[in-house]
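Please consult the sequence and the structure as they are shown here.

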Amino acid sequence: MNQSRTSAARLVAWYRLHRGWLGYLGIFSLAFLLFAYSQYQPIFADPDSFYHAKAAVLLRDGRFTTTFAALPFTTLAHSYADQHFLYHLLLVPFVSVIDPLIGLKLATVVLGSLMALIFYWFLRRWNVRWAFVTTILLLLVNPFMFRMNLAKASSLSIALLLIGLATAFSYRPKLLAVIAFAYVWFYGGFSLLLLSVLVFAVISALHRRYLRREDGNTFLQRVRALLGRAFRHGRVRQLNFQLAAAAVIGTIVGLIVNPFFPSNIRFYFDQAVRIGLVNYQKAIGVGGEWYPYKFIELVANTVIVAIPLVVALVLFILYFRKQSSRSMTLFVLWLFFFVLTLKSRRYIEYEVPFGLLFSAFSLNDSLQGFHWRQFWRETRQKYFRRWAGVAGAAAIATYAAILLPTVVIRDFISQRHDLANGFRLGLFEQESRWIVDHGNPGAVVFHSDWDEFPILYYYNSSSRYIAGLDPTFLYLENKDRYWQWANVTMGRETGDVYQIVRGTFNADFVLVERDHTAMDSLIKNDERFTLAFDGPDAKIYTVQ
């Protein structure tokens, strides 16, 4: 018995000594397993994954270019920037060792796991309680994990955003400028770091001025506190200005000292403002990620976040003066992303982590000085001696024990199902190979939907296509051309289809996916189109 107790004591002592790195190992291992399980299927949920794989392959092969000839009818023909340039460069080792598409899946697993690791580090960096549990909750939120599994730069963006925000919280303007510069080259949403730093700079200045009072009772203490506060206020104001300036300068330099300058300015305006904020979802059909999230649906799908968030919001209001500038900054950022998510559901990839970060930081501030042992002792003496208190506590514990696993299992099954309903590896491969073998470089392919482009481009980057990456790029370039193309692909065109296909777009081939039966009827009933290849995924017609 004594020997077993000694062994247990040694094990506990060893755990306490090494629990720091054990926590990081546990988070990375769990995240890796979850991401690996989600990626272990021959399907991409988002067609843009094929584009990212191709971009990495082109960099691997030394075929870097600052132009984009594959979409000549869109704004990208003259205003293009690889908004994920460093991300694509980061993918090169993954697409070099194994099949590029499998390599992209492996990169998604690794980068997603690193994102979870940095999230955990961000909490540990400021000694926030329940950092391990909070990170586990992040990995259990279905809509968030779905976005992280899309084989895109989203997880890398969150990691960089948290590193940049941590640098701002630590008042390190020089390093922040470097991160802001790199963020521009890594991800098109670089303005999020600039916004976050500006919010923190303003809140930090206001927090120091109005909430942090250290006046004593005696006259000398008040004079000393007044002089000290004046000095510190001036110093902090200078630091806040330096942070804001560093973020602005780093971002501007990243835009100008850029291989895609100056065309990247127009591209980022179209991408961030016209597509990201204005959005043309009421005028044209855009990607599903740009459509709004209903409030009830959002709460139901993120109930794991909503429960601690509600508790944190209540305590945030009750103990407002105890809140740090970091908690207030995270609150403003969460609120910003929450509103954006109600407008476009893709922003849930930021709303969820910032909701959890705010909850953890705010609860940590609100419960400072709170004695859990004393609270538990008093609660037990007051309530648990009565059968009603015991029954109530048991009921709550049972409800939580049933609810949490139920929600987690439901979300996990739903995520697996959503990821499986995507674009399989090998889709359009035979059709693309046929066009390469029978067409000339630069041949124009009139294809049946804009989301087919990344897949066609992956297998055949020598041809030219009508619309891709986002239909808004075609719409912004020429609205009449957009509607001509859209009406043909939807089978609604009543005019001369051949004149549109050959006359307007100068197309050499027409590719009709199997499910576009209305478009196929328009094409096959015109003798000027000849069925040349009937592939497993689409038909290819040649144009006279």
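Contact means heavy atoms within 4.5 Å. Helices (H or I, at least four residues) and strands (E, at least two) are DSSP runs, numbered from the N terminus. This is a predicted model, in which local features need pLDDT of at least 70 and side-chain atom pairs count only at pLDDT 80 or more, while totals for chains, interfaces and linings use all residues. Residues are numbered from 1 along each chain as its sequence is written, and side-chain values use heavy atoms, with hydrogens and water left out.

Q: Which residues of α3 meet those of α2?
A: On the α2 side, the contact is made by Tyr51, His52, Ala55, Ala56, Val57, Leu59 and Arg60. Their counterparts in α3 are Phe85, Tyr87, His88, Leu89, Leu91, Val92, Val95 and Ser96.

Q: How many nonpolar residues does the contact of α2 with α3 have?
A: Residues are classed as nonpolar (Ala, Val, Leu, Ile, Met, Phe, Trp, Tyr, Cys and Pro), charged (Asp, Glu, Lys and Arg) or polar (the others, Gly among them). By these classes, the contact of α2 with α3 holds 3 polar and 1 charged residues, and its nonpolar residues number 11.

Q: Are α2 and α3 roughly parallel or roughly perpendicular to each other?
A: Axes are lines fitted to C-alpha atoms, for helices over the stretch in contact, with angles from 0 to 180 degrees between N-to-C directions. The axes of α2 (residues 48–60) and α3 (residues 85–97) come within 8 Å and cross at roughly 80 degrees. Angles under 35 degrees count as roughly parallel, over 145 as roughly antiparallel, 65 to 115 as roughly perpendicular and the rest as oblique. The two helices, α2 and α3, are therefore roughly perpendicular.

Q: Is His52 buried or exposed?
A: Buried means under 20% relative accessible area, exposed over 50%, and partly exposed in between (1.4 Å probe, protein chains only). His52 lies in helix α2 and touches His84, Tyr87, His88, Leu91, Ala151 and Lys152, not counting residues up to four places away in sequence. Because its relative accessible area is 2%, His52 is buried.

Q: How far apart in space are Tyr268 and Ala81?
A: Tyr268 belongs to helix α11 (residues 263–278) and is buried, with a relative accessible area of 8%. Although 187 residues separate Tyr268 and Ala81 in sequence, their C-alpha to C-alpha distance is 8.0 Å.

Q: Where do the buried residues of α18 fall, seen down its axis?
A: Helix α18 (residues 429–438) has Glu431, Ser432, Trp434 and Ile435 as its buried residues. The arc, taken from the directions from the helix axis to the C-beta atoms, is 160 degrees for these residues, so they line one face of the helix.

Q: How many salt bridges does the structure hold?
A: A salt bridge is a side-chain nitrogen of Lys or Arg within 4 Å of a carboxyl oxygen of Asp or Glu. One of them joins Arg346 and Glu349 at 3.6 Å, N to O. The structure's salt bridges number 14.

Q: How many residues apart are Asp496 and Arg528?
A: The side chains of Asp496 and Arg528 meet in a salt bridge (3.1 Å, N to O). This pair links distant parts of the chain: Asp496 in the loop between α21 (479–489) and α22 (497–504), and Arg528 in the loop between α23 (517–524) and β6 (529–534), 32 residues apart.
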